Amino acid sequence: MTISVNGVEAMLPSDPRVSLLDLLREQLGLSGTKKGCDQGACGACTVLVDGERILSCLALAVQYDGRSVTTIEGLGTAECPHPLQSAFIAHDGFQCGYCTPGQICSAMGMIEEVRRGTPSHVTSDITAEVIPFSRDEVRERMSGNLCRCGAHNGIVDAIATLLPEAAE
Amino acid sequence: MIPFTYARATDVADAVRRGGAEAARYLGGGTNLVDLMRETIERPDILVDVTGLSHAITERDDGGLLIGAATSNTALAEHRAVRTRYPALSRAIVAGASAQIRNMATVGGNLLQRTRCAYFYDEAGAHCNKRHPGDGCDAMDGFNRMHAILGASPSCVSVHPSDMCVALAMLDAQVHLEAPASTRRLPLTELHRLPGDRPDVETHLAPGELITAIELPAASLAVRSTYRKVRDRASYAFALVSVAAALEVEEGRVKEVRIALGGVAHKPWRAWTAEAALLGQPATEASFAAAAQAELAAARPLKDNGFKIELARRTMVAVLGELAGEAV
């Protein structure tokens, strides 16, 4: 029973009650992933599992045996930030920073979803092979990540730097 | 969270063998069950993880689609055949929850999610017949703006929260069920119960019975289908009212129609009365309004939710008008 976290194998907990979030923070010392509501409402705990964004607070760690998790610590470092991390700084995509790791992991998953053609609630033609990026698409697709500082405009600007087609 | 044992089912036979135990629960993505366990509203002794079972979406010989119950909500919404042949289903799924939750949540789990009535969730502070039969219902005279206008009872006025199920009810979906000694199918419209005097019993599933798949019948009608959700904010909120509908018009008259409502009842509400009223009628706003009125004649408002009756009427008329515009 092991799980790969940012490329490092870790043991899964023996108690099945442990959430993936608590495994990351309390047992592996990866405190970048944040506990906000702990009930699936805020998105602060968003991580990538095999590239898909999920809420680690509602995930029982034992369910993710053999899977590969990427947290904010796996995306970049202070010395060598991921381009999206740099963009969040450049565009004031945060104020207190508590929601930021979840926002960034969520945006990474979101970009892949659009590239493979996952429709959203604001996609006008859901039968289209290629779904055009737009600021409205980014806003809708990021609605599961709350920012109580209200930095959403900066967040959308930062994400749009990775999506030239959504910049306008 | 109360201690429990966890087992990952290797196949359907293994799952139903384990799931037959008393106080066992099947676990999908956990987006609802884990939350309810943390609140000690759900108290299973055994969790049987069924996310490793079928998540295939396969074409059937008759032109329908068979969807494994472990399929994620996202995988179903983005599937090419669903987007092109059953657009209401794709639209309903992406109108629900957030992308992270849709990535985790399974189709089977979506069907069996429980109401988001705040009094149901308030284990410490509220009476709820769904949590504790006979305990009373604080929603009845409480803050009930989000609650039911159709099919409610003196025991329970909560609503079923799923968007996906509203589209499935409209599409005449069948639910495939497995138990150690039986295999059967149930129309989605007959899966969920109205509350009556046992709101704690939410479905017609036998104890331990497992949802293995959903079947969508072949239906050319479904190509012209859609889903509209009205909610308090533009995204990531439960429905005040929602409408799934499909419509076929021939020579200006309604040849075939299917309508289901969400956010109004303890189960996805198939609008059989409105459908019957519309057959053969001119595809006009007046007919749509009369049919909506007929369906909602049975609606009973609570203290805070009378607005839902007019909202449901207008949303039905708007959605049918949109589909009639496409059909002309």
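Colleague: How many residues does the contact take from chain B and from chain A?
Modeller: The model is a predicted one. In it, the area buried between chain B and chain A is about 3,100 Å², and carbon and sulfur atoms give 51% of that area. The contact takes 39 residues from chain B and 40 residues from chain A.

Colleague: Which side chain of chain B meets A:Arg116 in a salt bridge?
Modeller: Between chain B and chain A the count is three salt bridges. One of them joins the side chain of A:Arg116 to its partner at 3.0 Å, N to O. That partner is B:Glu78.

Colleague: Which element gives the largest share of the side of chain B that touches chain A?
Modeller: Across the interface of chain B and chain A, 22 residue pairs are in polar contact. Several elements of chain B each supply at least two residues of the side that touches chain A, among them β1 (5-8), α2 (33-38), β3 (46-49) and α6 (99-104). The largest share is five residues, and the element that supplies it is α6(B).

Colleague: How many residues of the side of chain B that touches chain A are nonpolar, polar and charged?
Modeller: This side of chain B belongs to a contact that takes 39 residues from chain B. By class, the side has 17 nonpolar, twelve polar and ten charged residues.

Colleague: Is A:Asn145 buried or exposed?
Modeller: A:Asn145 is placed in the loop between α5 (135-141) and α6 (152-160) of chain A. Leaving aside neighbours within four places in sequence, A:Asn145 is in contact with residues including A:Cys42, A:Thr46, A:His152 and, from the other chain, B:Gln100. A polar atom of the side chain of A:Asn145 lies 3.0 Å from the backbone oxygen of A:Gly43. Because its relative accessibility is 2%, A:Asn145 counts as buried.

Colleague: Why does B:Glu248 count as buried?
Modeller: B:Glu248 is found in strand β10 (residues 241-250) of chain B. Not counting residues up to four places away in sequence, B:Glu248 touches B:Leu221, B:Arg224, B:Arg253, B:Val254, B:Lys255 and B:Glu256. The cut-off for buried is under 20% relative accessible area. B:Glu248 counts as buried because its relative accessibility is 15%.

Colleague: What distance separates the centres of domain 1 and domain 2 of chain B?
Modeller: Chain B is divided into domain 1 (5-51) and domain 2 (225-327). Taken over C-alpha atoms, the centres of these two domains of chain B are separated by 36 Å.

Definitions and conventions: Residues numbered from 1 in each chain as written. Chains lettered and ligands numbered in written order. Predicted model: local features only at pLDDT ≥ 70, side-chain atom pairs only at ≥ 80, totals over all residues. Heavy atoms only, no water. Helix = DSSP H or I, 4+ residues; strand = E, 2+ residues; numbered from the N terminus. Buried < 20%, exposed > 50% of the residue type's maximum accessible area, 1.4 Å probe, protein only. Polar contact = N/O pair within 3.5 Å; in protein donor to acceptor, adjacent residues only side chain to side chain. Contact = heavy atoms within 4.5 Å. Domains from an automatic or database assignment. Buried area = accessible area lost by both parts, 1.4 Å probe. Salt bridge = Lys/Arg side-chain N within 4 Å of Asp/Glu carboxyl O. Nonpolar A, V, L, I, M, F, W, Y, C, P; charged D, E, K, R; others polar.
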